[in-house]
Amino acid sequence: MPYLGNDLSTIVKQGKKAYKYVATAGQTAFTGADSNGESLAVTVDSFVNVFLNGVRLIKTDDFAITTNTVTLTSAA
């Protein structure tokens, strides 16, 4: 069967990973282990969705990403 692009054996499958943090009063930075013991692993170029109380936040307006840290512009 013809196809365009990479050989199917060379394609790396990437999955989504979910992290859950419970904020303390006034917390803005989230890093390290989450509520399930998983260490946050993100980079500036990562595709990240951040939710606060079920509402999706907007990158640069509501949060910023640095290596392994997500920082909210307003305290949670």
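**Thr69 and its strand**

Which strand holds the place of Thr69? Thr69 sits in strand E5, residues 69-72; strands are DSSP runs of at least two residues, numbered from the N terminus. This is a predicted model, where local features need pLDDT of at least 70, side-chain atom pairs count only at pLDDT 80 or more, and totals for chains, interfaces and linings use all residues. Residues are numbered from 1 along each chain as its sequence is written, and side-chain values use heavy atoms, leaving out hydrogens and water.

**Surroundings of Thr69**

Thr69 is buried, at a relative accessible area of 15% (buried is under 20%, with a 1.4 Å probe and protein chains only). Its side chain makes a polar contact with the side chain of Thr31 at 3.4 Å (N or O atoms within 3.5 Å, one able to donate a hydrogen and the other to accept it). Leaving aside residues up to four places away in sequence, Thr69 touches Ala29, Phe30, Thr31, Leu40, Val42 and Ala64 (heavy atoms within 4.5 Å).

**The sheet**

An open sheet of 3 strands runs in the order E1-E5-E4, with antiparallel pairing (paired strands share at least two DSSP bridges). Strands E1 (29-31) and E4 (63-66) stand at the edges; each has a single partner strand, so one side of each lacks a neighbour in the sheet.

E4 and E5 pair over 4 bridges in the antiparallel sense. Thr69 in E5 is the bridge partner of Thr66.

Note on methods: Buried means under 20% relative accessible area, exposed over 50%, partly exposed in between (1.4 Å probe, protein chains only).
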